[in-house]
Each structure stands twice: as C-alpha cells, then as structure tokens.
Amino acid sequence: YIQKNPCKRISKIKEDIKFKRFYNDMEIETMRDCCETKKEKALIDLLCCTGMRVSEVSNLKISDINWENRTILVHGKGNKDRLVPFTVRCKKHLQEYIEERGIYLSNYLFCSNRKTINQRKISKSTIQLIVKRIGKRANLKDITVHCFRRWLASDLNRKGMDASLIQGILGHTSFTTTQKHYLDNSIDKMHYTYNLLVS
C-alpha cells in the first residue's frame, strides 16, 4: 500500500455553474388543480409538503403515518429513518384516498389493484408516470418527483426556515448537498430580501 495520494497535487476540475429549474407557487397550484382522482391529489400533496424521494413514496406504509401528530416515519437512503411533518390539507386528501381505495387493500399507502396482496406496492416508475401525466395537463414540461423536493426546500428557505432543519426534512447526510443543490438558487428569497432592503 502506498502512504501518499499521488493525485493530491492535481488541481480539481472546475464545475460549470448551471441554473436549476425551480417551479413557482403558481405552477405547483396549477398541478394541484389538474389532479383528476383522489389518488393523484393525495400523491401531489404528499410530495409538496414532505419532499420525499420517489423510492420513499413507493415504500411508504400506512402504519408509518402518525395521523394525530401529522408526521411520517420515512425510511430513507442507507436505512436512515427520519420524521417528516405534513399539512392538514395533505392529511385530508390522504384519508379521502385511503377511504376510497379501502384500508385493507394493502399495507402500502399507494398501491395497485392488479398485483397480489403481498406485492401491491406501487412502483417508482408508475409514480413518475402519474406525476408526468399531471404535469402534461398543467402544460409543464419535464416534471419529476424531484421537482417537488426542490420546490419544498426553496419554499422553506424563502420563508426563513433554518437550513439545518431543511436538511433534516430532505434526509441529507451532508449539509453541502442541501446547500448546493436546493438552497443556493432560491430566487424568490433573493427578490424578497432585495425588495425589503432596496427602496
């Protein structure tokens, strides 16, 4: 084994700084308005107020939801669990969806009627397909589950939430990830601060 890293003296490659698309409040509300079923409403509201990853939504069980405290036990990357709050509106739409589909249909929150009882978990690709379908109705291109995650972080940042709390909600191990990909481009916050200070 060599004791020194031979690449240590080589300078790092400079990364291009590219602006990432952040959807605004009007676009998010338009997607909510374009939902046609209770399942779609429940899914979009859940994504908007929790910023969950598509894999986390797919694996979410009804037993992970604390209705009284309005929190969800999210099983994230690397087997790391976290508690994420959700809104009253989200609670209403989730409960309406569960009542419509039947509570005993599956242990998983979002499920498929086509699969057997032990395999009724909705797939990640199906979730992305539902989101893209809603985005198409709203005339918004390239909508993915991740867009809602980015919007939530930007919205919380704009409203003054501590960055470490946003990191906790998103489930990032490193604060650098939160700051670099989710907080630096909060244009709304920049406009708000600018208008506040400049007369």
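**A guided look at a predicted model**

Visitor: Why is C48 called buried?
Guide: In this predicted model, C48 has a relative accessible area of 2%. The word buried is used under 20%, and 2% falls under that limit, so C48 is buried.

Visitor: What makes C35 buried, when its value is another one?
Guide: The relative accessible area of C35 is 9%, and this value too is under 20%, so C35 counts as buried.

Visitor: How do you know how many disulfides there are?
Guide: A search through the whole structure finds zero disulfides. To count, a pair of cysteine sulfur atoms must lie within 2.5 Å.

Visitor: How much of the protein is buried?
Guide: Of the 199 residues in the protein, 41% are buried, each of them falling under the limit of 20% relative accessible area.

Visitor: What is the order of the elements from the N terminus on?
Guide: Reading from the N terminus, the order is α-α-α-β-β-β-α-α-α-α-α-α, and this comes to nine helices and three strands.

Visitor: What share of the contacts joins residues at least 24 apart?
Guide: If we take the contacts between residues at least 6 apart in sequence, 58% of them join residues at least 24 apart. A pair is called a contact when heavy atoms lie within 4.5 Å.

Visitor: How many cavities of 30 Å³ or more are there, and which residues line the largest cavity?
Guide: The count is one cavity of 30 Å³ or more, and the largest cavity has a volume of about 30 Å³. Its lining is made of E56, N59, L60, L73, V74 and H75. Two or more lining residues come from each of α3 (54–59) and β2 (71–75), with the largest share, three residues, coming from β2.

Conventions: Residues numbered from 1 in each chain as written. Predicted model: local features only at pLDDT ≥ 70, side-chain atom pairs only at ≥ 80, totals over all residues. Heavy atoms only, no water. Helix = DSSP H or I, 4+ residues; strand = E, 2+ residues; numbered from the N terminus. Buried < 20%, exposed > 50% of the residue type's maximum accessible area, 1.4 Å probe, protein only. 1 Å grid on protein atoms, 1.4 Å probe; cavity = no way out; pocket = protein on both sides within 12 Å on 5 of 7 lines; lining within 4 Å. Points joined across faces, edges and corners; volume = space filled by probe spheres on them.
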